[in-house]
Amino acid sequence: MIRKAADIKLKVLPVYAAAEHLYYYEGPCRFGQGEALQPGFDGIMTAQMISDYNAKLKEIAPEGVEIMDHILLKRTDNWDNNEAMYDEFASVAAEADVFFAMNRIAVDDLMEEFLTRFPKTTVFNPHGSFSSTVHYASLKAYNPDYEFIAPITWETTIKILRTLRARKVIHNTRILCITRFGSNTSFSSVDAFHNHEDIARRLGVRFRFVNLHEFFEDLHPALPEGNITTPGRKTWNIDDNDMEEVKKITDELINGAENNYMDREQLEKSVKAFVLVRKLMDFKDCNGFTVPCPDACSTRRLNEIGFTFCLTHSLNMEDQIPSACEYDTAAVVSQQMLIAVSGKSPYMGNTIPVVYEDGQFAPNFALEQEEIDKLLATGDTSNIYYTQHSVSGRNYHNDNKGGKYDLRPFALDQGFGATIKYDFDQDKGQVLTLCRISPDGKKLFIGKGEIICSGGMNRGNCSHSVFYRVKDQYNTYVNQRIAGNHVSLVYGDYTDELSHLADMLGLEKYIAE
Amino acid sequence: MLDRAEIKKRIQYHRTLSDAEGELILKEEKIEFSFLNEHLRKYILYRLHFDPAVETDEDFNSLLKRSLEEAMAFHPDLLAEERAARSCDGASTLVTKKALLLQSIQRKFDIRLDAFKAVEGKTLTDISKVIWEAMEQSPAWKDRLVYAGNT
């Protein structure tokens, strides 16, 4: 099963605590007058406050956050504290990812005992209670690592819940890695994660492997004697049902394109690779993907079969499944972070500053006269950056319409290797959020830009790019370089959410100012 | 702003009318839901200083809000009971006003409401239903309830 980020829910258990006075009296633990001092009043007040909090939580719960039925820790002014109450709530507490806590007076100790018996990330109600600082101080003294979060606004609470859910998504990321040589890094992306075990231990991300040559064999219909690489074994070869899916996806791609420069037969080969990747992801319960392009390329089997993995990455990312070129496991996790906080489709690629010096743009891969003309036409040559790989999707606003795109072959001589060329010109001025996690998985680059134009729309190979303007080019570069080359991005400003996520994952932040 | 004495007089007048409606319910030997609903509606509306003969709003929360707004406009210091009952839990005056009204019903009829159902009741009839259910649970009331029509 492929558990996409959208399928991963954060289960929030509202935990309330309240006391009920059994007699009429006034004094230091009893405020109010008239009816409010009579037995029975506390129960109604508590019910009203809980009802209001439950309604508010349901109203503000961000996408992917599920509010469970609340529990109420109760006592009377006998100062009772019953074991049966904890027994009753133990199983529901275990089901929750996060507690949302609120307590009235005279029950701080009950809440405290619950939170220490069932330690779990706790968000305290943002409004109006002295108990937030009481619990914060007390729980931190009990255990400095206790994750007790005490915001003071609902706006912050929403961001916190969204970020906690994003962290759960990261903890549940399973990356399908197709390998040829080593399983840590490929020959091109040495800035991918260096140590999978350490990443698994600290971030919860897991890595599953498939051999590259076995993958190639699965692209053919199954043979009675099994594939050459795994004789006699039942494998996941493309079958008739898969081919129906291939034809359907191919039709959709062709029908939606502004311009199609590919033969249908060549396009189908790339779609077939995508369908097989999804089949293997499903089998391996993965929700992320990467493959080493150069290592695969030099086998000459991509050339022999006639496809590249560009389209696979495009269609995965478009579907909000992180999918990175060049065996870049760090880019997969970076994309997953963006997907988790934004719910949008990412793009990724080689990312560097476009430097203007001595009256001209410094030469680089993505910059030809077509792009130079567009950049000069803006009248501002400063603070330009680009991200380049031929793996764009068709819909970055994640609406029902999608945007304009062309289909072009990667391979110029033979015309194979489908690539989608989304026209970023149509989104000029759109704000982007950039991010990348470092090879040691300990630092997170966070940046922001504004789209200027597309690049490489009329060229083959890995030429596609988006150019954007950042606030300060050198500052962005200095913060990016600690994380590495492939930067992932989504539309919109999610820098705050990423900053919160970095804190919650214990990552050092490198935020471009 | 009205004279303070005038306001007190008006409040007392409404309180008397409200109590009279409560007494009618208390004195009725056999009670149908329609009877309870009719007199409880008047009990609540008088408590909130509305005239049951002309009031058409059935929304409990809306009535509470309007009543509170009017009280604040006339003489805010008469809301002392609501304010004092806010305690240090961060409850609003509106919340305490509602709780105090429901508490007055509990005490008037010596019943124990299902607090969550009571506070989530949207209309005056919803409140009557919660009270009817509480009466069904009460040894003092349950034999006096008559099931005729839709309850």
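## Parallel sheet of chain A

In this predicted model, chain A contains an open sheet of four strands, arranged in the order S8-S7-S10-S11 with parallel pairing. Strand S8 (206–211) and strand S11 (323–324) of chain A form the edges, each pairing on one side only.

Within the sheet, strand S7 (residues 174–179) of chain A runs parallel to strand S10 (residues 288–290) of chain A, and three bridges join the two. At this pairing, A:Leu176 stands opposite A:Phe289 in S10(A).

## Helix H7 of chain B

Helix H7 of chain B comprises 13 residues (residues 124–136). At 1.5 Å a residue the helix should span 18 Å, and this agrees with its end C-alpha atoms, which are 18 Å apart. The buried residues of H7(B) are B:Leu124, B:Ile127, B:Ser128, B:Val130, B:Ile131, B:Ala134 and B:Met135. Viewed down the axis of H7(B), these buried residues fall within an arc of 160 degrees, so they line one face of the helix. An α-helix has 3.6 residues a turn, and residues three or four places apart therefore point the same way.

Several elements of chain B take part in covering the buried residues of H7(B), including helix H2 (33–47), helix H3 (60–74), helix H5 (93–109), helix H6 (115–120) and strand S2 (145–146).

## Interface between chains A and B

Contacts between the chains involve 24 residues of chain A and 24 residues of chain B. On the side of chain A that touches chain B, the residues divide by class into nine nonpolar, twelve polar and three charged.

Definitions and conventions:
Residues numbered from 1 in each chain as written. Chains lettered and ligands numbered in written order. Predicted model: local features only at pLDDT ≥ 70, side-chain atom pairs only at ≥ 80, totals over all residues. Expected span 1.5 Å × (residues − 1). Buried ≥ 20, exposed ≤ 12 C-beta atoms within 10 Å, placed from the backbone. Arc of directions from axis to C-beta. Contact = placed C-beta atoms within 7 Å. Nonpolar A, V, L, I, M, F, W, Y, C, P; charged D, E, K, R; others polar. Pairing = 2+ DSSP bridges.
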